[in-house]
Amino acid sequence: MKVMHLLPSLTSGGVEQVVVELCEGLINGGDESIVVSGGGPMVADIEKTGARHITLPVGKKSIRSLFLTGKLAKLIEQERPDVINLHSRVPAWLGHWACKKLPEHIRPKVVSTFHGYYSVNGYSAVMTRGEKVVAVSNFIREHILECYPTTPAEKIVVIPNSVDTTVHYPEYRPSAEWYEKWHADFPELKGKYVICLPARVTRHKGAAHLAPILVELKKRGIPAHAVILGEVKKDKMAFKEELVTLFEKEGLSKDVTWTGLRRDVRDIMVACDVIVSLNLLPEAFGKTTLEALALGRPTAGYEAGGVGEQLDDYLPEGKVPTGDTTAMANVLANWYKNPPTPKMPLQAPYRRKDMTDAYIALYREVCKR
């Protein structure tokens, strides 16, 4: 069986990591996997699995992307995948249009993965087309049924994203050398109650909520310090400046550390005292939260979406009403002296093999149709 994945790029993020994991599962099972994207640093991760990467800018939101339809159709005809898995909206439109250009007898089966809590409109509706629709959480399944009522319930398959429990497990600790460099790079963290927000710097990820949370904790005499662990893309620099100004206004400039994009997220989460998710929009899944829980870290998050589902299963006391910074500060204050331990070990359906096995079974199912 040959599976082709279409996604915008391979820069960073949960969608990209899922595709890497699916490639690994397919290749290890003796199948073929091809990834088509605009490229990026994670191409090396794809190729390391034994899968192939083909660079095509299928994720650009531009009228020019329409001209890629012919190229994509030709590529599909050459590669003859049995299944195409569409992982984002622009690639989904291009994928469907490309398939329509092909004779029916060589058209691949189409699976789309609803990775995001997309805005509800005709543009997003493309993700409900195809043989099967993967919802990455029960929350997303309900979202699809409510907002796209013409989608048959039996067409939707819930396959949560996953964690590799050989990589993320409670006993994991970074090396002494890593700790030495971490403390040398960020000496301001010494002796502090370090709150880590692992998220790209965008408005809906809730970094602005760190300000009232830190203010409240400091009022209680807790030496709180926030680490914002995530990429600041060029188009988000103005928003970062807004945040810097906000922290300055609240007298918190020395209480916030910006790490930028890092590949040692696992080590940083272990080195910090608590992990938070402050998404203002519901997380479709919340992979980083699951990784933190799997590492045995005290983890708190706003309750909407997939993050709430995970906390229900592994650390219910960490679930906070979305947007309630006072409630979040209360949770973190209670944990300052008595940090909780998530219920472990991680169980199905959240383990890596659970996810890859479920996808591969789904691919085989649609191939039989």
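Of the 369 residues of the protein, 54% count as buried. The structure described here is a predicted model. Its secondary structure consists of 13 helices and 13 strands. The radius of gyration is 21 Å, close to the 21 Å that the globule rule gives for 369 residues, so the protein is as compact as a globular protein of that length.

Among the contacts in the protein with a separation of 6 or more, 70% are accounted for by residues 24 or more positions apart. The accessible surface comes to about 16300 Å², and carbon and sulfur atoms contribute 51% of that surface.

The next topic is charge. The protein carries 48 positive and 43 negative side chains, and the centres of these two sets lie 5 Å apart. Side chains of opposite charge can pair when their charged atoms come close. A search of the whole structure finds 20 salt bridges, and several of them can be followed residue by residue.

One of these pairs joins D264 to R262, with the closest N and O atoms 2.7 Å apart. Buried means under 20% relative accessible area. D264 has a relative accessible area of 16% and is therefore buried, whereas R262, at 22% relative accessibility, counts as partly exposed.

A second pair is formed by K319 and D312, whose closest N and O atoms are 2.8 Å apart. Here K319 is partly exposed at 29% relative accessibility, and D312 is partly exposed at 41%. In a further pair, D354 forms a salt bridge with R351, the closest N and O atoms being 2.9 Å apart. R351 has a relative accessible area of 31%, so this residue counts as partly exposed.

E21, E24, D164, K287 and R352 are connected in a network of salt bridges.

Attention now turns to one helix. Is helix α11, residues 306-314, largely enclosed by the rest of the structure or left open? Of the 9 residues of α11, 7 are buried, so the helix is largely enclosed by the rest of the structure. The buried residues of α11 are G306, V307, G308, E309, Q310, L311 and Y314. Their cover includes the helices α5 (138-147) and α10 (287-294). It also includes the strands β11 (274-277), β12 (299-302) and β13 (319-320).

Is G296 buried or exposed? At 15% relative accessibility, G296 counts as buried. Leaving aside residues up to four places away in sequence, G296 touches P170 and P342. By contrast, A208 lies 88 residues from G296 along the chain, and the C-alpha atoms of these two residues are separated by 26 Å.

How values were computed:
Residues are numbered from 1 along each chain as its sequence is written. This is a predicted model: local features need pLDDT of at least 70, side-chain atom pairs count only at pLDDT 80 or more; totals for chains, interfaces and linings use all residues. Side-chain values use heavy atoms; hydrogens and water are left out. Helices (H or I, at least four residues) and strands (E, at least two) are DSSP runs, numbered from the N terminus. The radius of gyration is taken over C-alpha atoms; the globule rule is 2.2 Å times the number of residues to the power 0.38. Buried means under 20% relative accessible area, exposed over 50%, partly exposed in between (1.4 Å probe, protein chains only). Contact means heavy atoms within 4.5 Å. Accessible areas come from the Shrake-Rupley method with a 1.4 Å probe; for residues, only the protein chains shown count as cover. Lys and Arg count as positive and Asp and Glu as negative; His and the chain ends are not counted. The place of a charge is taken as NZ of Lys, CZ of Arg, CG of Asp or CD of Glu. A salt bridge is a side-chain nitrogen of Lys or Arg within 4 Å of a carboxyl oxygen of Asp or Glu.
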